[in-house]
Amino acid sequence: MQSFGRYALISLLILSEVSFLAWTVLSGIWDVRFHLPAQLCTISLFICIYMLITRQSFIFEIVYFFGLAGALQAIITPDLFYTFPHYRFFHFFIAHTAIILAILYMVWVEKYRITWKSALKSFVALNVIALLVFFINVLTGANYMFLAHKPEGPSILDFLGPYPWYIFQLEFIALFMYGLLYVPFLLVKQPSHQKQGAD
């Protein structure tokens, strides 16, 4: 049953991304500025697939923080231009929910745990990813990870300063979110036999 749940999540994540790519191509709307796998949640989705396949604790440590924070923020303030019952509406919420479920599966079922060092590793990884995506934006004229300008739809970025200052403010918001996501592991003392992210 445990393996079924893991493979079901892997299949859901893969199917959501493959179906999205197929939809953009068949609809004739695929554009290098919008459909490269360079948004944070899409990156998290691929990392989650790899995490579920390999069950590497290091990968779990990396994606736990920005995967949960990014997917939750996306669901709360979706940057979405399609409404119910459009395919894109369903895909958006299914894909982001699958990311959250994949990470929580590793916590609840596989019993993986994080430490403060996990947060540090994830924060460094997030900034390396952001740097790479920044150069992708420069080369393509895109706005992946909203590093070129704020999203068109309402989001938490609306409460921040103008470009490029909001990017630096996002660093502090990320640290705050990391702290919140680490709190459950501080409050609940885990038995020594349970898995923990490698230090």
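Colleague: Let's start with Glu61: is it buried or exposed?

Modeller: Glu61 is buried, with a relative accessible area of 0%. Buried means under 20% relative accessible area, exposed over 50%, and partly exposed in between, with a 1.4 Å probe and protein chains only. Keep in mind that this is a predicted model, where local features need pLDDT of at least 70 and side-chain atom pairs count only at pLDDT 80 or more, while totals for chains, interfaces and linings use all residues. Residues are numbered from 1 along each chain as its sequence is written, and side-chain values use heavy atoms, leaving out hydrogens and water.

Colleague: Which residue does Glu61 meet in a salt bridge?

Modeller: The rule asks for a side-chain nitrogen of Lys or Arg within 4 Å of a carboxyl oxygen of Asp or Glu. Here the partner of Glu61 is Lys121, at 3.4 Å from N to O. Glu61 sits in helix α3 and Lys121 in helix α5, so the bridge ties together parts 60 residues apart in sequence. Helices are DSSP runs (H or I, at least four residues), numbered from the N terminus. Lys121 itself is partly exposed, at 22% relative accessibility.

Colleague: How many salt bridges are there by this rule?

Modeller: The count is three. One of them joins Arg55 and Glu110, again 3.4 Å from N to O. Arg55 lies in the loop between α2 (40-54) and α3 (57-76), and Glu110 in the loop between α4 (87-108) and α5, so this pair links parts that are 55 residues apart in sequence. Glu110 is buried at 5%, whereas Arg55 is partly exposed at 34%.

Colleague: And aromatic pairs: how many does a search of the whole structure find?

Modeller: Rings of Phe, Tyr and Trp (its six-membered ring) pair if their centres lie within 6.5 Å; planes under 30 degrees apart are stacked, over 60 edge-to-face, and the rest tilted. The search turns up 17 such pairs. Phe20 and Trp23 make a tilted one, 6.0 Å centre to centre with 35° between the planes. They are three residues apart in helix α1 (residues 2-26), so about one helical turn separates them. Both count as buried, Phe20 at 12% and Trp23 at 17%.

Colleague: Which residues do ring pairs link into a cluster?

Modeller: The cluster holds Phe60, Tyr64, Phe65, Tyr112, Phe123, Tyr178 and Phe185.

Conventions
Helices (H or I, at least four residues) and strands (E, at least two) are DSSP runs, numbered from the N terminus.
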